[in-house]
Amino acid sequence: MKLTREDLLKSNEYWKVQLQNDLYGIIEEHMKKNNLTRSNLAENLNVTKGYVTQILKGEFDHKISKLIELALACNKVPLTYYVDIDEFVKNDALGKVYEVFPITRMQHVTYESKNPQPQAKPGAKISFEFQSSLATA
Amino acid sequence: MQLNSFMSKFVTKTIETVIGRQQFKQLVIVEDKVDAIRLQQQIDKNEVEIDGVLDVYESNLEDKYKSSFRGMTALMNRVANLQSLPEEKFRDITPDKEIVKEYEIKYQDLRVYLIKIANGKLILLGGFKNNQDSDLKKFRALKRQFLEKGGY
């Protein structure tokens, strides 16, 4: 059976290729920017040159802790977010892509009711009615 | 059935599993008697279903290569979106003095050979790691014929 776009987006291989080559991209960029050789990078990261070569072939397949270490060494944070797979496929079909961008953190949120309750007069008694399933049982 | 490309005409078809900033197409080889211009219009309007070289390559793959084919298609998506890829995965294989650019995408044992076209890439051949020399010869012969016949 022929591979469909949905099968592809739901495949392990698709996401592995994305993660491996995004990592390759940031490391390559970091090396160019800082004029580093593979040996320099291996030394900075305290890994072997062969390890660096593997990453630069887009074939990183190691521990999460190493992925974080590599990202941080390139002055990047490895932002990870998870999206519902069917929603992702649906949006892909609509031509929508996902981007990461910063938004302002919410602070001291005040909720205002759309249906304000009448204010009690000073000194007035306020009574509450409770309904409980225990009371009627 | 793979037609002999010397006695054939060429049309192109969009690869539906690859979506990006660049168009990604595959070559479709048809018999010489076919009205290629009309067929191309029908393909573009989704009025006919016809297999291209990548479709034929995929359907002839043994089950053990299906996972690699998904990886290969993921790489094509990165190429189409102009995303970073190492030379080991996507490389320019254009010989000196060739005007139209040639590329190879590789994933594990699978290879795909493509050329640059206006607004994107066109896959001419799918191949294997252990058959690179012969696949490259076929690819360059197909490229020459495709360019000589002007696509249609």
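Reply: Two strands are taken to pair if DSSP finds at least two bridges between them. On that basis, this predicted model has in chain B an open sheet of six strands, with mixed pairing. Read across the sheet, the strands of chain B follow the order 1-2-6-5-4-3. Its edges are formed by strand 1 (8-14) and strand 3 (90-92) of chain B, each of which pairs on one side only. On average, and with direction ignored, neighbouring strands of the sheet are turned by 35° against each other.

Within this order, one pairing may be followed at residue level. Strand 5 of chain B, comprising residues 110-117, and strand 6 of chain B, comprising residues 120-128, are joined in the antiparallel sense over eight bridges. In strand 6 of chain B, the residue that stands opposite Tyr113(B) is Leu125(B).

The helices that lie against the strands complete the description. Helix 3 of chain B (residues 66-80) packs on the sheet and touches strand 2, strand 3, strand 4 (102-107), strand 5 and strand 6 of chain B. The direction of helix 3 of chain B makes about 140° with that of strand 4 of chain B. Helix 1 of chain B (residues 36-44), for its part, lies across strand 1 and strand 2 (23-31) of chain B. With strand 1 of chain B, which is one of the edge strands, helix 1 of chain B makes an angle of about 15°.

Note on methods:
Residues numbered from 1 in each chain as written. Chains lettered and ligands numbered in written order. Predicted model: local features only at pLDDT ≥ 70, side-chain atom pairs only at ≥ 80, totals over all residues. Heavy atoms only, no water. Helix = DSSP H or I, 4+ residues; strand = E, 2+ residues; numbered from the N terminus. Axes fitted to C-alpha atoms, helices over the stretch in contact; angles between N-to-C directions. Contact = heavy atoms within 4.5 Å.
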